[in-house]
Amino acid sequence: MNTPNKLTVLRLIFVPFYVFFLLMPSIPHHYIIAIILFGAAAYTDHLDGKIARKNNMITDFGKFADPLADKIMILAALACFVQTGLTNAIILILIISREFMVTSIRLVASSQGKVVAANNWGKAKTISQIAAVLSVMLMQYVLELNSLNVISLDNAAQFSQCFDIIGDVFMWIATALTLISGIIYIVQNFEFIKNAK
């Protein structure tokens, strides 16, 4: 297994660890630990593709596992957000639906001997999702620091409401880019759907 593929596998290994800390509010500073783990996982996404392209190390395993690892990384975080009330279930459903749709098109293309590469909209989608997840966790960590008396927010309730609104805006921007990239993906690859038997 080459280095980019090892990084992809490492990204998957990070997932249960940041999920654990996201769902364990009894552990002090659990958000910053989750942020570090999620951030490290997200960085492997950037690094594995860069190394693979630079050193011509693109493999069939990487083509399959890399987008799968991306989806698991993001969807696991969003599922935790839904469970803890940090985001709306509709956001998770829309993003999952888009991912199933794109994966289905890739499978149909693969059955026709074609490989569908990611486009710039897909990359923008991934970056916006990562930014939204990190932003929500960071704002929650500020509130956690206040509850631990590490910092003192004069009006914590107002900060919490403000952070909720900002978090929702970031999540809906990421969702909009996700849906737009999905629609573009369908339009660009509609031939595979038409030719499916």
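Visitor: How many cavities of 30 Å³ or more does the count come to?

Guide: The count comes to two. Mind you, this is a predicted model, where local features need pLDDT of at least 70, side-chain atom pairs count only at pLDDT 80 or more, and totals for chains, interfaces and linings use all residues. Residues are numbered from 1 along each chain as its sequence is written, and side-chain values use heavy atoms, with hydrogens and water left out.

Visitor: What makes a space a cavity?

Guide: On a 1 Å grid over the protein atoms alone, a cavity is a set of points where a 1.4 Å probe fits but cannot get out. The largest cavity holds about 50 Å³ of space, a volume being the space filled by probe spheres set on points joined across faces, edges and corners.

Visitor: What makes D70 a charged part of the second largest cavity's lining?

Guide: D70 is one of the residues lining the second largest cavity, and Asp, Glu, Lys and Arg count as charged, so D70 does too. By class, that lining has three nonpolar, one polar and four charged residues.

Methods:
On a 1 Å grid over the protein atoms alone, a cavity is a set of points where a 1.4 Å probe fits but cannot get out, and a pocket is an open set with protein on both sides within 12 Å along at least five of seven lines; lining residues have an atom within 4 Å of a point.
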